[in-house]
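Thanks for coming. I will go through one model this morning, part by part, and keep it brief.

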Amino acid sequence: MVELKKVSRSFTEGNTKHAVLKNFDLKIEKGEIIILLGKSGSGKSTLLNIISGIDIPDEGEVTIAGKDITKLSEKDRTLVRRNKIGFIFQFFNLIPTLTVRENLQLPLELTNSDNQEERINTILSEVGLPERADSYPDKLSGGEQQRIAVARALIHNPDIILADEPTGNLDYETGLQIVDLLDRVVKQKGKTMIMVTHSKDVMGLADRVYSLREGKLTETKKDSVIE
Ligand SMILES: Nc1ncnc2c1ncn2[C@@H]1O[C@H](COP(=O)(O)OP(=O)(O)OP(=O)(O)O)[C@@H](O)[C@H]1O
Ligand SMILES: [Mg+2]
């Protein structure tokens, strides 16, 4: 479902070249849930951006649902992302000039989905915010914005979910609601997910846990992870 082969990505600042991913391989089967650990700045968001086609590696292949997206035009890469991927961003990325309802409608419009109103109402109930459809994002708390960001990533029923710290800004109780939602909507429906998190409560969802360090991945035992 997701395969990276010999992927390298570095960023240049001034005269220094900083290698974030080095000759990087990763293979994730359909229905697998992978958790990604790693220190701040280790490249976790960079990796998710590459898998989603938001960013392109300097070298290597990124195969999503059978297509090497590094070989596609910008337009075709965008189509793969729209149709196949739901992205829960680390900093939400809700559109400030649109209401909650309109933010949720966007992925449905872009994929020509039917029953839009019903789907919006259902997902808002699932994230526990049924009464906030007409609010603008800046009127919501951080945790509420995060729940809307989760709803937006899931609403068009994508096969692959990329989640960058989806419970990072939530209190314990609300965090558990999101874990429960991801369990029902992602794990039980057999979706593929790659999630950056350090929360112990989320570890239970994972099939495998990896640590990203110095541009490489190592598999980590689930039980050895502490919060
Ligand atoms: N567009 C960019 N231009 C220059 N440097 C970048 C860019 N994106 C990321 N980097 C650098 O790449 C490194 C990895 O960044 P990344 O955002 O992937 O880290 P992260 O593991 O997600 O960290 P955090 O846990 O803090 O979110 C950082 O040193 C960052 O400065
Ligand atoms: Mg990050």
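I start with strand 6, where I85 and F87 point one way, G86 and I88 point the other way, and all are buried. Buried here is a matter of counting: 20 or more other C-beta atoms within 10 Å of the residue's own, with 12 or fewer called exposed, anything in between called partly exposed, and the C-beta atoms placed from the backbone. The general rule is that side chains in a regular strand alternate between the two faces of the sheet. Strands and helices are DSSP runs numbered from the N terminus, with at least two residues of type E for a strand and at least four of type H or I for a helix.

Before I go on, this is a predicted model, in which local features need pLDDT of at least 70 and side-chain atom pairs count only at pLDDT 80 or more, while totals for chains, interfaces and linings use all residues. Residues are numbered from 1 along each chain as its sequence is written, and chains are lettered from A and ligands numbered from 1 in the order in which they are written.

Back to strand 6. Its parallel partner is strand 7, joined to it by four bridges; two strands pair if DSSP finds at least two bridges between them. I85 has I160 of strand 7 as its bridge partner. Strand 7, residues 160-164, in turn pairs with strand 8, residues 192-196, in the parallel sense over five bridges, and I161 stands opposite M193 there.

What is the order of the strands in the open sheet? It runs 6-7-8-3-9-10, six strands with mixed pairing. Strand 6 (85-88) and strand 10 (216-220) are the edges, each pairing on one side only. Ignoring direction, neighbouring strands in this sheet are turned by 20 degrees against each other on average.

Next, a pair of helices. In general, two packed helices are described by the angle between their axes and the distance between the axes. Helix 5, residues 142-154, packs with helix 6, residues 172-187, at an angle of about 5 degrees, and the axes are 11 Å apart. The axes are lines fitted to C-alpha atoms, for helices over the stretch in contact, with angles from 0 to 180 degrees between N-to-C directions. Helix 5 and helix 6 are therefore roughly parallel; that label covers angles under 35 degrees, with over 145 roughly antiparallel, 65 to 115 roughly perpendicular and the rest oblique.

From helix 5, G143, R147, V150 and L154 meet T174, I178, L181 and V185 of helix 6. By class, this contact has five nonpolar, two polar and one charged residues. Nonpolar means Ala, Val, Leu, Ile, Met, Phe, Trp, Tyr, Cys and Pro; charged means Asp, Glu, Lys and Arg; the others, Gly among them, are polar.

Leaving aside neighbours within four places in sequence, G143 is in contact with N169, L170, D171 and T174, where contact means C-beta atoms, placed from the backbone, within 7 Å. G143 and F92 are 51 residues apart in sequence but 10.0 Å apart in space, C-alpha to C-alpha.

Strand 1 and strand 2 pair in the antiparallel sense over nine bridges, with S10 bridged to A19. They form a hairpin with two residues between them, and G14 in the turn has a positive phi of about 60 degrees. Strand 1 also runs antiparallel to strand 4 (residues 59-64), over five bridges, and E3 stands opposite T63.

Which residues come nearest to ligand 1? They are F11, S40, K44, S45 and T46, out of 13 around it; near means a C-beta atom, placed from the backbone, within 6 Å. Helix 1 gives the most to this shell, three residues. The shell divides into two nonpolar, nine polar and two charged residues. Eight of the nine residues of helix 1 (residues 44-52) are buried, so the helix is largely enclosed by the rest of the structure. G53 follows helix 1 with a positive phi, near 80 degrees.

N23, in strand 2 (residues 16-28), has a phi of about 45 degrees. N112, in the loop between helix 3 (100-110) and helix 4 (116-126), has about 50 degrees. N23 is partly exposed, with 13 other C-beta atoms within 10 Å; N112 is exposed, with 9.

Note on methods:
Two residues are in contact if their C-beta atoms, placed from the backbone, lie within 7 Å.
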